[in-house]
Amino acid sequence: MRYSNYRQPQERAPLNVVEEKNVVPDFKPCLVVPCYRHVEPLIRILPDLLHYGVKIIVVDDGNREPKASKLREQVALMNQVLVRHEINMGKGAAVFSGFKKARELGFTHVLQIDADGQHDLEDIPTFLSLGAQNPEKMINGTPVYDHSVPTCRRLGRYMTHLWVCVELGKCRIVDTMCGMRLYPLEQALGIMHSRHVGRRMDFDTDIFVRMYWSGVDFLEVPVNVKYSPGTCSNFRGFSDNLRISMMHTRLCMEKVFHYPAIRKRGYV
C-alpha cells in the first residue's frame, strides 16, 4: 500500500491478528497515535487503521482550530478515543498521555504509530502477532527507506545508532528512532513514572534504552517508510538535535549505574 493513494476501505471484517496458538490470554493491544500538524494525513489513514480491529487512541497534541475540531469529529464518527492537549507538549508527552489513557481503558500493550502516514500500515499484523506471542518484549520497528528519504535524515540517524550501541552494550546497530513500536504497557509506564524520559523528539530512543536497561528485551520488524512530498516535519533541526545530544550524554553517564546488570545479561 502506498500512502499517496489511499482508498476508502471496502466493507470487511476486522483482522483477527492476535487469535493464534501460544498467545497469552490477557494480551489486549490498542493503537496510540500522537498527532501535531498532521491532521489531514491522519484522517486519511484512520479508515485503514480500523481494519485491524483494535481500539485507536488519538492524542491531539495542541492542534489549532479548525483542524482540532475536524480531528475530534472524525475520531468520534469512527467511535474511537481522543485525548486532547490544549497546547503542544511534544511527541513524548503525547505518547505518555496515550499510554495513561490506554491503561485506564484496560489495555495491556500499545502499538505506537506516527500520524504522518509514512509507515506501511500493512506491517501492523506482524507487530500484533509477535506481541501476542512475546508479551514481555518490545517489538521495535526498523525502518526500510526508499529513494524518497532525505539524505541528511538518513545520515543523521547513524550518529544516534552509534551512541545507542554504547548505551545498550550491543555491538550491532539498533534503530531506536522509528515511530512504530509495540510496548508492554505496565513496563513502559513504570519507566516513565520513575525516570526522566524525554518528552519531545528524544522520547523514542530514551524510552527504548531505559526499558532495555530495566530488563525488557526486544524483537525487530522491518517497516517500509515513505516520505510523502509536502508533508510537514515536526523535527526542529537545532533544538531537537541539541536535545538528543543532551539525552545521549545523560544516558552514557547513567550507564555506569546499569553496567553490572548489562554485563549479567551477557550483551556486551
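Author: What follows sets computed values against their definitions. This is a predicted model, where local features need pLDDT of at least 70, side-chain atom pairs count only at pLDDT 80 or more, and totals for chains, interfaces and linings use all residues. Residues are numbered from 1 along each chain as its sequence is written, and side-chain values use heavy atoms, with hydrogens and water left out.

Reader: Why are α1 and α2 called roughly parallel?
Author: Angles under 35 degrees count as roughly parallel. The axes of α1 (residues 39–50) and α2 (residues 67–77) cross at roughly 10°. The two helices are therefore roughly parallel to each other.

Reader: Which residues of α1 and α2 make the contact?
Author: Contact means heavy atoms within 4.5 Å. Val 39, Glu 40, Leu 42, Ile 43 and Leu 46 take part from α1, and Lys 67, Lys 70, Leu 71, Gln 74 and Val 75 from α2.

Reader: What makes α1 largely enclosed?
Author: Buried means under 20% relative accessible area, with a 1.4 Å probe and protein chains only. Nine of the 12 residues of α1 are buried, so α1 is largely enclosed by the rest of the structure. Among them are Pro 41, Ile 45 and Leu 49. The buried residues of α1 pack against β1, β2, α2 and α4 (124–133).

Reader: How does the reach of α1 compare with the expected span?
Author: The expected span is 1.5 Å times one less than the number of residues. With 12 residues, α1 reaches 17 Å from its first C-alpha to its last, close to the expected 16 Å.

Notes
Axes fitted to C-alpha atoms, helices over the stretch in contact; angles between N-to-C directions. Helix = DSSP H or I, 4+ residues; strand = E, 2+ residues; numbered from the N terminus. Parallel < 35°, antiparallel > 145°, perpendicular 65-115°, else oblique. Buried < 20%, exposed > 50% of the residue type's maximum accessible area, 1.4 Å probe, protein only.
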